[in-house]
Amino acid sequence: MFDVLAVVMTLVFFAANVAFAIGCDRLMGGRNR
Amino acid sequence: MSYTSHAIILWALYSVILLLSAKPLGSFMYTLFSGGRTFLHPVLRPVEAGLYRLTGVDENEEMGWRGYLFASLAISILTLMVTYLIERTQQFHGHFFNPRGFPNVAEFLGWNTAVSFTTNTNWQNYPGETTMSYLTQMAGLATHNFFSAAMGIVWAVALVRGLARRSASGIGNFWVDFVRALLYILLPFCIVLTLLYVWQGVPQNFSAYTAVHGLEGAGKVTQLIAQGPIASQEAIKILGTNGGGFLNANSAHPFENPTPFSNFIQLLSIFLIASGLVYMFGKWVGNTRQGWSVWAAMFILFSMGYFVAVGTEQNGNVFLASRAHVATAASATQPGGNMEGKEVRFGIADSAIYATETTDASCGCINSWHESYTPIGGLVPLANIGIGEVIFGGVGAGLYGMLMYCIIAVFIAGLMVGRTPEYLGKKIEGFEVKMASLALLISPANILLFTGVAMMGSWGLSSIFNPGPHGLSEVLYAYTSMNGNNGSAFGGLGSNTNWYNITGGFAMLIGRFLFYTPLIAIAGSMARKRTVPESLGTFPTTGATFSILLVFVIIIVAALTYFPAYSLGAILEQLLLNAHKTF
């Protein structure tokens, strides 16, 4: 049960990090892939 | 404040060796990461090329900043989960790898530990010798020590490339940089360091713990002597500025750090790569004076911290000193000062320099107990981490953190004296300042919000072992350390609870990955820019003026951010101690 939670917490954080990076890229004008 | 001649000679000798090592190591790393041929290539290049063939990596492929970042995130998720799995299956590791038969690590503790080692933090809510199997120590934790250190190095390299390149869309290839950092820098150094530690008496074996009995005789008092593959882990623990001890007492334990010589080797190892990277930066941007200016700012801050820490510790506890029968002055027969929490084989100076360095960098290994320092002495490590561990810093992390401050410094200088904000011949525009400001704000938000919420209820307060302002410092230090990926503990906080395991895990992830994301975005943005010729309006970023400006910017930004919290903790505690009030 808690193992699932540990995996979910990890994935949620990294998904948020990817979204944050995409947000930064938008701010830049989406010029760099 | 008083200083012994030992304290001054130690600092001088250390500084000279560090200075002399910066250029050769920095030149080596520049050659390596810019694609040149080093003296290790005849041996290691076939291995490197073989790894690319095996994994299908095209070493000539360039990545943009997002590609570079996402590759880092991908390997971090994968290795984090693998480490978690190793911890959670300890009962199946077998007698050779788990001779003490340790059970599986509990879920949240396992997650916190996996996050901790992935992020180069090495915050430890467990005693290593009574929790982790040898397989977990080696395949899970020591492997991360290498990976997270390599990632820090290549993140700095990517940022430097971004600053140095002109009109380029890429900032390098993450996989190539990562393999090179591991293969040409970390592994060779660690082999040499492991042998040095073994020579000094650090164990390196797979034996089960040895049971010994004391002077009382057999069958009366039995003590287990913990051992294992310690020397190999010790090497990367320090060199990679990881800091997670094989044993609970970390580098205060005689099996991790047996002699003053091994202590000096550890001191050098902490700053070695970080110092070389600063020289590499200058060489890469085509002007080594740029690198030396940053190096000088780092050195000034390091020296300031050291002399405050060693001075206050040598002064000792003012409350005790006020008692007529307590002598706290150094003499031929006693070290004087405050020896609480310090190993007698190291004394005050070797402990204070270690505490300063391990928090200047994101290392977090300790050879003395930071909580037992005088309040102002203990504030030095806390403030060092708080300003972002940019004083040489963690491998790579120190440089990219300092480059963030450089961008802020040229921007502030531009505002103050009406100069054009430029850095390394490139205009600092709105995007870079926004990203640098974001990076600058993420850390205090992470530290202060978690600390504030922890202080609001029993979930955080019940683990505090000391009342009064010292208790606040314990919690503040914990989140500062986790955010900064330092990993040292002030002590006095029972942090193996669900609250601290979970919030601490997020604090470490935020401090590592969210902090770096805007900085690599700056790398991508700067790489695309053209250089502009230097003009009369350009603020010079070489020389003493810039170094001093940088020092002041860092101190002012940190002071404005954390001074209220520090005044309720360490500063208040010192004032109360001066008034002979203790808790």
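The model is predicted, and local features need pLDDT of at least 70, side-chain atom pairs pLDDT 80 or more, while totals for chains, interfaces and linings use all residues. Residues are numbered from 1 along each chain as its sequence is written, and chains are lettered from A in the order in which they are written, with ligands numbered from 1 likewise.

I took helices as DSSP runs of H or I with at least four residues, numbered from the N terminus. The axes of α14 (397-417) and α19 (544-578) of chain B come within 9 Å and cross at roughly 100°; axes are lines fitted to C-alpha atoms over the stretch in contact, with angles from 0 to 180 degrees between N-to-C directions. In α14(B), I noted B:Tyr405 and B:Ile408 among the contact residues, and in α19(B), B:Leu549 and B:Val553 among them (contact: C-beta atoms, placed from the backbone, within 7 Å). This contact has 10 nonpolar, no polar and no charged residues (nonpolar: Ala, Val, Leu, Ile, Met, Phe, Trp, Tyr, Cys, Pro; charged: Asp, Glu, Lys, Arg; polar: the others, including Gly).

Next I checked α10 (288-315) and α13 (375-386) of chain B, whose axes come within 8 Å and cross at roughly 155°. That makes α10(B) roughly antiparallel to α13(B). Their contact residues divide into 4 nonpolar, 4 polar and 1 charged.

Last, I found 18 residues of chain A in contact with 29 of chain B. The chain A side has 11 nonpolar, 3 polar and 4 charged residues.

Notes. Helices (H or I, at least four residues) and strands (E, at least two) are DSSP runs, numbered from the N terminus. Angles under 35 degrees count as roughly parallel, over 145 as roughly antiparallel, 65 to 115 as roughly perpendicular and the rest as oblique. Two residues are in contact if their C-beta atoms, placed from the backbone, lie within 7 Å.
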